[in-house]
Amino acid sequence: MTTNLPRLRNFIADIATLLDATADEALILETGGNLLAQLTAHDDWLPDAFAQPNPERYTQYLLHCDSLQRFSVVSFVWGPGQSTPVHDHTVWGLVGVLRGAERSQAYRREGSSFAPHGPEHRLEAGEVEAVSPTIGDIHKVSNAFDDRTSISIHVYGANIGAVRRATYDEAGRPKPFISGYSNTLLPNPWDASKSLTS
């Protein structure tokens, strides 16, 4: 199958245009969420190199980082049964499932305790959810399947691989981390010589 990289190129341009037009987080999450839903409705554009699971842990592949680091786009690849610890983001983010499904459980502080907030929910292929310190930023995520890979596409309001964030233990104590990325090379959606349809 030929990879339809212009679809990724157009998405990147649309997100950049959105951020040029507004700094309103609610509008960014609503409009950006619609753009991400349109992208993840098609499973013909993600190169295989950025869809490979690691048997040891989930992987985060950088697909694009804005030159001013206003946003980044990553593919998050879950091997069977893999999950994150409870963690935060510290910036706005959008998560759209491209393949498979994932489960997400929100957490928050309640007095001196740290506990799940609301029911765990399942995000299916084509569905999108938002996170941010404004609307809820701490959660635990896992592959909904124990027998196959799932892939989600994330857009964050920063170069997420360079953001100082935290995981949390059962008491809600933070442990700082910077995620980095699993890849050293990026896809090239800018080569117009391939003349693929978008």
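**Terms set against values**

Me: Why does Arg 7 count as buried?
Reply: Buried means under 20% relative accessible area, exposed over 50%, and partly exposed in between (1.4 Å probe, protein chains only). Arg 7 has 17% relative accessibility, so Arg 7 counts as buried. This is a predicted model, in which local features need pLDDT of at least 70 and side-chain atom pairs count only at pLDDT 80 or more, while totals for chains, interfaces and linings use all residues. Residues are numbered from 1 along each chain as its sequence is written, and side-chain values use heavy atoms, leaving out hydrogens and water.

Me: What makes the contact of Arg 7 and Asp 44 a salt bridge?
Reply: The term requires a side-chain nitrogen of Lys or Arg within 4 Å of a carboxyl oxygen of Asp or Glu. For Arg 7 and Asp 44 the N to O distance is 2.9 Å, so the pair qualifies.

Me: Which parts does this pair tie together?
Reply: Arg 7 belongs to helix α1 (residues 5-21), and Asp 44 to the loop between α2 (25-40) and β1. The pair therefore ties together parts that are 37 residues apart in sequence. Helices (H or I, at least four residues) and strands (E, at least two) are DSSP runs, numbered from the N terminus.

Me: What is the accessibility of the partners in the salt bridge of Glu 124 and Arg 122?
Reply: Glu 124 is at 32% and counts as partly exposed; Arg 122 is at 39% and is partly exposed too. Their closest N and O atoms are 2.5 Å apart. Elsewhere, salt bridges that share partners join Asp 20, Asp 66 and Arg 70 into one network. The structure holds seven salt bridges.
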